[in-house]
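Grab your viewer and work through these exercises with me. Each has a task and then a solution in steps.

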Amino acid sequence: MLRISTPTQFQRGINSILEQQAKLGYTQEQIASGKKVLSPADDPAASAQLLELGRAIETVNQYQENAGRAKSRLEVEEVAISSAASALQRVRELAVQGGSDTFTPAQRASMAVEVREMQAHILSQANAKDSNGEYIFSGFQGRVQPFTELGGVYTYNGDMGRRELQISADRTLADRDSGFAVFMDVPTSAGGTQNMFAMIEQIAVDLEAGTAPTAPLADVDEAVAHLAQVLASVGGRLKSIDEQTEVNTDFVTTMEISRVDIGELDYAEAITRFSQQQIALEAAQKSFAQIQGMSLFNFLN
Amino acid sequence: MADILNIGVSALNVYKRALSTVGHNISNVNTPGYSRQYVELGANDPTRDGAGYLGNGVHVNTIGRRYDDFLASQVRNAQSASSFQGTLFSYAERINNLLGDPNTGLDSAMQEYFNAMQTVADDPASMAARQEVMSEASTLESRFNQLSQHYDNLRNSVNSDMALKISDANALATSIAEINLAITASQGVGNGKAAPDLLDQRDQLLRDLSTIVGISTAEQSDGAVNVFIGTGQTLVVGGTAFALSVVPNAADGASPDIAVSRGGSGQPQAITSFVTGGELGGLLEFRSDFLDEGQRRLGLTAVGLVEATNQQHALGLDLQGGMGGNLFSSLSFSGENNRNNTGNGTVDITFNPTDLGDLTTHNYQLDFDGTNWTATQLSDNPPAPVVFAPPAYSPASGNTIDGFHLAFTAGTTAWAAGDSFLLKPTVAAAGAINFALTDPRQIAAAAPLRSTEVTDANGNPVNTGSAAITQPQIATTTGIPLGVGLPMGFTFTNNAGGTGNPGFDITNGPAGPNDYILYDPTTADRFGKGFPDGSIPNQFSLFGGLTFEISGVPAVGDQFQVEDNAGGTGDNRNALALAGLQSTLTLSGGTNTFQETYSQLVSDVGSKTRYAEINYNAQEGLLASHEESLFSIAAVNLDEEAADLMRYQQAYQAAAQVINVAGTIFDTLLGAVRR
C-alpha cells in the first residue's frame, strides 16, 4: 500500500481540476474562433499547410483579377476592331460601287465623303483608349497617340510591344495588340504589306477626283480578312481567359475545401467534446470537495 | 512504589513529547519541504532482581525524520528538468503565438506586396496601382521590423531574466552555505544527529535552487552538502558559496555569458555551455534554439527578398524613364569585433544577389593569424573553413563565403594576429529592412529595351520577310540605356560578319569581329533561335547581357532593332518579373521561395513549441510522481496524525493512571503504618 500524504491528496485533486479546466478552456477558445488549429504548435504540419493554402488561394485570386482586367481590355479592343471592320466593310462596298461605270464623277465625290467618314471612324477606333485613358494600340507607349494624320499621310507613333498579364502561374496573355500589327502591317494581295489608312486614303482621293478607285479590290479584301483574323485572335484570347478563369475558380474551390478541412473546426465534434469535458470538470470538483471533507478529525471530540 | 511512580512519570514525559511531535507534524502539514517527524520509543534498562529483571519504564530513543535521500535527489533532478521545459515552453509560446497570428505574421504581408506588384503589372501607368505597392511594401517593411523587434525584446527579456535568476541562485547558495554551518554545529551538539528541521530547510533550499539550475550534491561527514552545477563547477563548499554572475561574451555581445567566481581575485569563469537544466538552462536553450535561429531564418527571408528585388528593380525603367533604383535599402552589416581584439580594423558583410541560394542561417567566426583569415561556419556540421588573404572575398573579387562578401577596412592599427570577428550575415536583416522609394513613379515597372522591326518614317513596314523578334531581356545594367539615337540594328544578310554564312549584321552593338549573329532560316533556326547563341563568348555583356529570340524567314536586307524603351509607360515586363520573384526558388540552394523560407520558420517554431510542451507535460508528470513517492514517505497525513494523537493520548492517560495507582498504593501503605 502506498501511503498518501495529505499534501499529495490535496495536490492531486487540484491538479485534476486544473487539467480539466485547461482542456475546457482550449475547446472553448476553438469554439469561439471557429478554428481547429489555434497556433502553429497545435499542429505544426497543418499550420504550414494552411499558410501554403492561403498563399495559393490569394495568388490565384490575384490571377483572377489580372484575368478580369485582361478580359475587359480585350473586350474594348474587340469592340474597336469589330467597329473598324464594319467601317472597312462599308469602304469596300463604296469602292465596289465607285468602280462601277454607272456612277458620275459627282456621285463618286459624294461616295468619297462617306469613305472619308469611314476613314475617320477607323482612325478613331485605332486611337481608342482603355478605361484608364491609355491608348490600346500604341504598344508599350500607352500615353502616345498611336495614329496621326498630316496632309493625307498616316503615321504610326507607337511600338511593337504587347503587354502580357499573368493569368495563371505559368501563363501570360497579351491584353492588347500593337497598332503596327493591326493597321500598318496589313498583307496585300501581291504578298507585300500595306498601311490600311494609306489604302483607304487612295480610294478616297480617287473618288474625290471622280475616278474609279485604283486600289485592287483584292487588297481591300485582304485588309478585311486581316481585321477578321485579329478579331479571331482577340476572341481566342477571351475564350482562353474564360477557360483559365474557370480552372482558377475550380482550383480555389478545391483549396478552400482543403483549408476548411485542415483549419476549420468541426462544431458538432467540438461541442460534444465541450460537454464531455464539462462533465469531467464537474466530477473532478465534486470528488475534490468530497475527499477534502473526509477526515478522522471529524470523529474526534 | 517509587519504581511504579518512576515508570509512570517516564511514560508521561515520553507521551507528552510524542504528542508534541504529532502536534508539530500537524502544524507543518502545509510547510513546503517539511518531513514528518516521529518519536522512537525504547524501554529503559531493567533492574536486576532476585526473581529476574524488573522493567523500568520508557524513554525516547530519538526524534527521527521520515526521509529518503535518493528520492529527494530524484525530485530535484525532475524539478530541474521540469522548470527547464516549463521556461522553454512559456517563452516559446510567445514566439509561436506571434508567428501564428495572421495580424502579426509575415506571410500575409508578403502576399499582399506581391499581389500589389501584380496590380502594377496589370496597370503599369496607374498611380493608384503604384501607390498600392508603396503602401504594401511599407507594411511589409514594418512587419519585418516588428517581428525582429519582438525577437530583440524577447532577447532582452531573456537576458534580464537570466540576471534575476542568477541573483536568486546566489541568495539560495548563500543560504545553503549558512545552513550547512548550522547543521554541522547541530550535529556536533546532537550526538551526530543534526536538527531535522534544519535538514528540511536545506532540502527545500536545494529544491528551490534546482528550479533555477540543474545541480548535483555531495554530503560530507560533517553534515554539510557541497553543491555543483553543470559538469562539476562548484557553487557551494561547506560554508562557502561561490557567486554566479552575468559577464559579457567577448565574441557575441547579444548573448552574455553565465560565469562563476573562483574565489579570491580570479576572473569569473564562463560556464554558459555547461549550464544544464532549470530555468537558466531553459533560458539559454530558448536564446540559442528559438531566438538566434529564428531571427536568422527571418533575416534570411529578408536578405533574399531585398537583394533579389533590388537586383530585378535595377533592371527596370521607372515611369519617368530612369533606371530603377533600390526598392529596399541595400543591406550591409558589420562583423562583430571580439572584445579581446588588439587591432582596430573592421570588416563588413555585403551580399551578392546572384548567390542568394548559397546563404545559410548560420553565423561565422573569422580568425586572423597574422597573414590569413579563416572563416568557419558555426554549425553542427560545418563545411571546411575558408582560408584567404585580403582582398579576397571582397566585393571586387567576386568571391563569396556562402553567399556573402566581406569588405575589410584597416583601422589605425589594422588587424593583429589572434583578432577575430563574429559574422552574423542574417540575424539583423529583418530589423534593417527599409522600403526606399519615396515616389510611386520610381517603381520600375517597364523594361529598358524594346525590339521592333525597322519601318519607314511613318511607321510603315519595310521588311518583306516573315521573321519576327521577341522583346529583349537584360541581365545587367552595363551599357543600359543604349543612348539616344543608338538603337542596336540587326540586318539580315547571306554573309553575316563576312563569313559566308547567313545571319544578321549588327550596328551600334558589339564591335569588330563580334558584330554579327548567325541565323540560317533554311534550318530549324526559323522555328526560333535564341541569342546570344554562345558562339561568341560574352557577346552582349557590354549591352546589359541582352537576350532575345528571332524566328521566321527574313528577306535579305530585313532589319530589326533593339532600342531604348522611351515612353514605355504601358510596359509591365519588369513588374511581372518583380511579381514573379514570389514563386522563384531563390533561397537555400534554389529550393525555397521567400514565403516558403518563412513557413519553415513558422512550422519549425510550431514543432519546437509543441515538443517543449509535450516535454514539459511529461516532466511535470515525472516530477509529480517522484514528489508523490517522496511525499508518501516524508509528508504528513492528517488522518495518520489523528490516529497517533488518539494513541499517544490514551497512553498518556494510562500513564497518568499508573501514577494515580502508585499514589493509591503509597497511601494504602501509609495508612497501614499509621494504624
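**Exercise 1. Work out how H6(B) and H9(B) pack, starting from the residues that meet.**

Step 1: list the contacts (heavy atoms within 4.5 Å). On the H6(B) side you'll find, among them, B:Asp289, B:Phe290, B:Arg297, B:Leu298 and B:Ala308, while the H9(B) side includes B:Phe594, B:Tyr598, B:Asp604, B:Val605 and B:Lys608.

Step 2: sort them by class. The contact of H6(B) with H9(B) has nine nonpolar, six polar and five charged residues. Here Ala, Val, Leu, Ile, Met, Phe, Trp, Tyr, Cys and Pro count as nonpolar, Asp, Glu, Lys and Arg as charged, and the others, Gly among them, as polar.

Step 3: get the geometry. H6 (residues 278-314) and H9 (residues 594-634), both of chain B, pack at about 170° with axes 9 Å apart. That angle makes H6(B) roughly antiparallel to H9(B) (over 145 degrees, with angles running from 0 to 180 degrees between N-to-C directions).

A word on the ground rules: this is a predicted model, where local features need pLDDT of at least 70, side-chain atom pairs count only at pLDDT 80 or more, and totals for chains, interfaces and linings use all residues. Residues are numbered from 1 along each chain as its sequence is written, chains are lettered from A and ligands numbered from 1 in the order written, and side-chain values use heavy atoms, leaving out hydrogens and water.

**Exercise 2. Are H2(B) and H5(B) roughly parallel or roughly antiparallel?**

Step 1: H2 (residues 69-100) and H5 (residues 196-212) of chain B pack at about 25°, their axes 7 Å apart.

Step 2: H2(B) and H5(B) are therefore roughly parallel (under 35 degrees).

Step 3: check who meets whom. B:Val75, B:Arg76 and B:Ser83 are among the H2(B) residues, and B:Asp203, B:Leu206 and B:Arg207 among those of H5(B). By class, that's three nonpolar, five polar and three charged residues.

**Exercise 3. Is B:Gln118 buried or exposed, and what does B:Gln118 contact?**

Step 1: find B:Gln118 in helix H3 (residues 107-122) of chain B.

Step 2: with a relative accessible area of 4%, B:Gln118 is buried (under 20%; exposed is over 50%, partly exposed in between, using a 1.4 Å probe and protein chains only).

Step 3: leave aside neighbours within four places in sequence, and B:Gln118 is in contact with A:Gln62, A:Tyr63, A:Asn66, A:Gln166, B:Leu576 and B:Ala579.

Note on methods
Helix = DSSP H or I, 4+ residues; strand = E, 2+ residues; numbered from the N terminus. Parallel < 35°, antiparallel > 145°, perpendicular 65-115°, else oblique.
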